[in-house]
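Please read this briefing alongside the sequence and the 3D structure shown below.

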Amino acid sequence: MANIRRPQDSKEQHRINERIRAKEVRLVGDNVEQGVYSLAEAKRIADEQDLDLVEISPNADPPVCKVMDYQKFLYQQKKKQKEQKAKSVKVVVKEIRFGPQTDDHDYNFKLKHAKGFLEDGCKLKAYVFFRGRSILFKDQGEMLLLRFATDLEEFAKVDQMPVLEGKRMIMMFSPKKAGSGKKKDVSKPQTQEEPDSEE
């Protein structure tokens with residue numbers, strides 16, 4: 001056997017070459033005549049091409065084996081997983097909570113925090129919480145959220161306009177793509193620049 005590669009460090013994803021147990025296999029691959037072969041014949045075909053015989057469907061009858069370069073296949077799989085991981089970056093959602101009658105000082109403090117979150121690539125859930133009879137101020141709450149959206153125009157795009165859910169009026173934001181919304185870099189050092197007494 002000229003070409004027995006045993007991927008001990010690949011967590012044994014597939015049986016390959018000498019590890020295949022079946023007497024007969026269905027052979028597939030790029031440069032092979034597909035069909036059912038004895039295991040010995042299938043191994044011989046793989047060896048002739050200096051490739052591996054890899055069991056890809058062990059539960060089929062007979063099991064399906066593919067002639068391929070197994071190390072290359074593992075490398076491409078790893079690469080694909082890495083790319084998928086990079087694409088599926090975890091989306092962090094930060095929350096900013098207001099009361100219906102939030103004063104300017106508190107509002108500006110929260111606005112600064114929101115800008116920092118958006119610049120870090122987080123999504124933002126801003127909501128006004130109505131306690132008891134303060135639900136009467138829902139128009140005021142909506143105006144507050146719309147003002148918030150206007151003040152965040154450079155940093156965020158609106159995913160969801162204000163919606164009342166129970167005692168909360170919620171508005172959702174996504175960060176604008178890097179570079180598209182940051183004309184001013186003034187607020188880059190987020191909340192460290194002017195520490196507020198109010199946390």
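A nonpolar core is a set of buried Ala, Val, Leu, Ile, Met, Phe, Trp, Tyr and Cys residues that are joined through side-chain atoms within 4.5 Å. With that in mind, the model, which is predicted, has a largest nonpolar core of 20 residues.

**Nonpolar cores**

- Within the largest core, the residues with the most contacts are Phe-98, Leu-124, Leu-145, Phe-148, Leu-152 and Phe-173.
- Two or more residues of this core come from each of the elements β5 (93-98), α3 (104-119), β6, α4 and β8 (168-175).
- Another core lies apart from this one and has 14 residues, among them Val-32, Leu-39, Cys-65 and Val-67.
- When neighbours within four places in sequence are left aside, the contacts of Leu-145 include Phe-98, Ala-126, Tyr-127 and Val-128, and also Pro-162, Met-169, Ile-170 and Met-171.

- Ile-135, Leu-136, Phe-137 and Leu-164 together make a nonpolar surface patch of about 330 Å².
- Phe-137 is placed in the loop between β6 (123-129) and α4 (138-151), and this residue counts as partly exposed because its relative accessibility is 31%.

**Salt bridges**

- The structure holds nine salt bridges, and one of them joins the side chains of Arg-15 and Glu-55 at 3.0 Å, N to O.
- Because Arg-15 lies in the segment before β1 (24-29) and Glu-55 in strand β3 (residues 52-57), this pair ties together parts that are 40 residues apart in sequence.
- Of these two partners, Arg-15 is partly exposed at 39% relative accessibility, whereas Glu-55 is buried at 4%.
- Glu-18 and Lys-43 also meet through their side chains in a salt bridge (3.7 Å, N to O), and since Glu-18 lies in the segment before β1 and Lys-43 in helix α1 (residues 39-48), the pair ties together parts 25 residues apart in sequence.
- A further salt bridge, at 4.0 Å from N to O, links the side chains of Arg-147 and Asp-151, which are separated by about one helical turn because they are four residues apart in helix α4.

**Confidence**

- The protein chain has an average pLDDT of 82, and 81% of the residues score at least 70.
- Residues 1-10 have a pLDDT below 50, although this stretch has 29 contacts in the model beyond near neighbours in sequence.
- Over residues 179-199 the pLDDT stays under 50, and the model has 26 contacts beyond four places in sequence for them.
- Where pLDDT is low, the predicted coordinates should not be read in detail.

Conventions:
Residues numbered from 1 in each chain as written. Predicted model: local features only at pLDDT ≥ 70, side-chain atom pairs only at ≥ 80, totals over all residues. Heavy atoms only, no water. Patch = residues over 30% accessible without salt bridge, like charges linked within 9 Å, V, L, I, M, F, W, Y side chains within 5 Å. Areas by Shrake-Rupley, 256 points an atom, 1.4 Å probe, with all protein chains shown as cover. Buried < 20%, exposed > 50% of the residue type's maximum accessible area, 1.4 Å probe, protein only. Contact = heavy atoms within 4.5 Å. pLDDT = per-residue confidence, 0-100.
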